[in-house]
Protein chains: 2
Amino acid sequence: MASSTARTPRGTSDPVRNPALPDGTRNKLLDSAGQVFADFGYHAATVREICARAGVNVALVNYHFGDKLELYTEVLRHSIGAHRDGIIQQALRSAAPPEEAFRELIHAMFQRVCRADRPGWHFRLMVHELAQPTPAMAAVIDDTMRPIYERFCELIGVMLGLPVDHDKTRLCAHSVIAQVVHYVHSRHVISRLWPELDLTAERISEISTHIADFSLAYLRGNSRKNNTSRNTRKT
Amino acid sequence: MASSTARTPRGTSDPVRNPALPDGTRNKLLDSAGQVFADFGYHAATVREICARAGVNVALVNYHFGDKLELYTEVLRHSIGAHRDGIIQQALRSAAPPEEAFRELIHAMFQRVCRADRPGWHFRLMVHELAQPTPAMAAVIDDTMRPIYERFCELIGVMLGLPVDHDKTRLCAHSVIAQVVHYVHSRHVISRLWPELDLTAERISEISTHIADFSLAYLRGNSRKNNTSRNTRKT
DNA sequence: GGTAGTTTAAAATGGATGTTTAATTGTTGT
DNA sequence: ACAACAATTAAACATCCATTTTAAACTACC
């Protein structure tokens with residue numbers, strides 16, 4: 001860690017607190033750092049690689065952020081807020097009927113999750129957080145997953161005729177989310193089990209349609225017989 | 001990496017090939033290495049920490065295993081061996097009708113996956129592999145995942161009336177596997193989104209039943225109309 | 001033009017880590 | 001007891017990497 005005296009390097013303007021310019025090297029660093037951290041994780045990522053991808057000098061990360069850990073923290077902070085505006089937010093606010101909104105949300109989430117070339121490294125960062133949880137993980141979850149989870153519970157609850165916090169509603173929501181994130185979390189496993197699968201834009205749309213169909217089969221089939229509680233569950 | 005000449009350190013007995021004694025330092029190393037690798041991942045784990053937890057000298061890992069990577073591979077091999085014999089093998093060979101065998105396999109896999117008391121760090125190792133794959137991962141997948149995956153494809157293929165390598169068959173298999181592994185891979189996320197959920201034995205059985213029901217709804221519904229290919233898919 | 005903020009380049013530092021070496025101990029067979 | 005060999009130890013070695021330093025450019029803005 002950087003000694004507290006060496007935090008503000010040269011001048012007195014404290015560039016660390018300086019809000020980012022649109023094209024400054026600070027933003028280039030944040031962007032490349034996001035990619036590298038997502039690729040290798042915090043420990044395996046090197047400042048040299050980050051600076052190389054940003055096309056800037058090695059000393060700049062220490063100049064702007066103090067040290068590697070603070071850069072990572074800042075990346076995580078950006079990752080949390082960055083996804084706030086996007087396809088997902090649009091799908092979250094869809095006013096379409098439940099089934100349609102359900103499909104929209106799956107489609108948006110899957111698109112967001114699979115497009116690895118774009119700023120999709122937010123979700124890959126999450127995989128590393130799963131393996132080595134940092135104190136920031138809670139905030140990441142609250143901002144990335146919870147709104148989606150609760151929206152799914154809403155839609156599923158409506159379709160099933162059950163309250164949003166019912167066990168069955170939640171289990172279904174997890175079943176849906178599981179299918180989506182699986183293609184991110186286990187993508188190395190999948191590509192070895194199914195090498196022919198490449199996630200082209202068309203394939204992505206195809207898979208998300210499958211996930212929706214697969215899930216709706218159950219949700220449709222159980223939409224009527226809830227109040228009778230015909231199932232064997234005890235709680 | 002260790003130079004090939006330095007692999008067998010001193011004598012001619014090649015202690016690497018020597019099957020483990022019940023209480024030898026070699027086993028203490030394997031055990032502590034499993035914990036440390038699971039805690040920090042391959043890169044962040046240090047041989048010094050491993051040796052410290054095992055209470056042995058730093059040089060012993062190189063003496064017994066050659067280098068760090070071979071120790072890791074050996075740990076992974078042991079972790080694999082834990083999967084080789086168990087409930088899953090039994091479920092893989094079930095001769096029950098497809099739907100029943102399908103439920104059995106989900107139940108076995110989920111039980112194996114969720115019972116944190118037995119395997120302990122085995123699955124945390126896997127999470128690290130998902131985030132940062134090492135050269136040893138291919139073997140892990142082939143030994144642990146592929147048989148289950150192919151069995152799922154078989155059963156689903158039968159139920160859908162489609163070949164095992166059909167796209168739809170595979171997509172369904174992934175949808176099922178996704179739901180099962182989700183409760184391991186994303187268990188930190190889940191426990192934050194749904195804190196009340198604790199995986200008691202009863203709850204585990206309940207969830208695996210839900211996963212089977214959820215999946216069978218689609219598999220049953222599409223078992224007749226395959227040859228007509230009424231869906232919008234192009235491949 | 002001058003001045004402060006910013007960027008670059010290169011080198012040095014210091015710490016952590018994987019690995020190796022040489023010496024030491026313990027055991028076994030003769 | 002002696003020799004051969006396995007197991008272990010402490011110390012050193014070599015490398016990588018984050019971090020710091022130094023000095024020189026570049027870029028605004030006044």
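Predicted model: local features only at pLDDT ≥ 70, side-chain atom pairs only at ≥ 80, totals over all residues.

Colleague: Okay, start with a pair of helices. Which residues of α7(A) meet which residues of α8(A)?

Modeller: From α7(A) you have A:H122, A:M126 and A:E129, and they meet A:M137, A:V140 and A:T144 of α8(A). By class, that contact has three nonpolar, two polar and one charged residues.

Colleague: At what angle do α7 and α8 of chain A pack?

Modeller: About 140°, and their axes are 11 Å apart. Angles over 145 degrees would count as roughly antiparallel, so α7(A) and α8(A) are oblique to each other.

Colleague: Is the crossing of α7(A) and α8(A) left-handed or right-handed?

Modeller: The crossing of those two is left-handed.

Colleague: Let's zoom out. What domains does chain A have?

Modeller: The domain assignment gives domain 1, residues 4-82, and domain 2, residues 87-221. Where they touch in chain A, domain 1 puts in 11 residues and domain 2 puts in 11 residues.

Colleague: Which helices supply the domain 1 side of that contact?

Modeller: α1 (25-44) and α4 (68-82) of chain A each give at least two residues to the side of domain 1 that touches domain 2. The largest share is from α1(A), with six residues.

Colleague: And how many charged residues are on that side of domain 1?

Modeller: There are no charged residues on the side of domain 1 of chain A that touches domain 2; that side has six nonpolar and five polar ones.

Colleague: Switching to the two chains: how many residues does each put into the contact?

Modeller: Chain B puts in 41 residues and chain A puts in 43. On the chain B side, several helices each supply at least two residues, among them α1 (25-44), α8 (137-160) and α11 (201-221). The largest share on that side, 10 residues, comes from α9(B).

Colleague: What's the class breakdown on the chain B side?

Modeller: The side of chain B that touches chain A divides into 23 nonpolar, 13 polar and five charged residues.

Colleague: Last one: what rotation superposes chain B on chain A?

Modeller: A rotation of 179°, with 0.1 Å of shift along its axis and an RMSD of 1.8 Å. The two copies are thus related as by a two-fold rotation axis. The same surface serves both copies, as 100% of the contact residues of chain B recur in chain A.

Methods: Residues numbered from 1 in each chain as written. Chains lettered and ligands numbered in written order. Domains from an automatic or database assignment. Contact = placed C-beta atoms within 7 Å. Helix = DSSP H or I, 4+ residues; strand = E, 2+ residues; numbered from the N terminus. Nonpolar A, V, L, I, M, F, W, Y, C, P; charged D, E, K, R; others polar. Axes fitted to C-alpha atoms, helices over the stretch in contact; angles between N-to-C directions. Parallel < 35°, antiparallel > 145°, perpendicular 65-115°, else oblique. Left-handed = near helix turned anticlockwise from the far one by under 90°. Least-squares fit on C-alpha atoms with pLDDT ≥ 70 in both.
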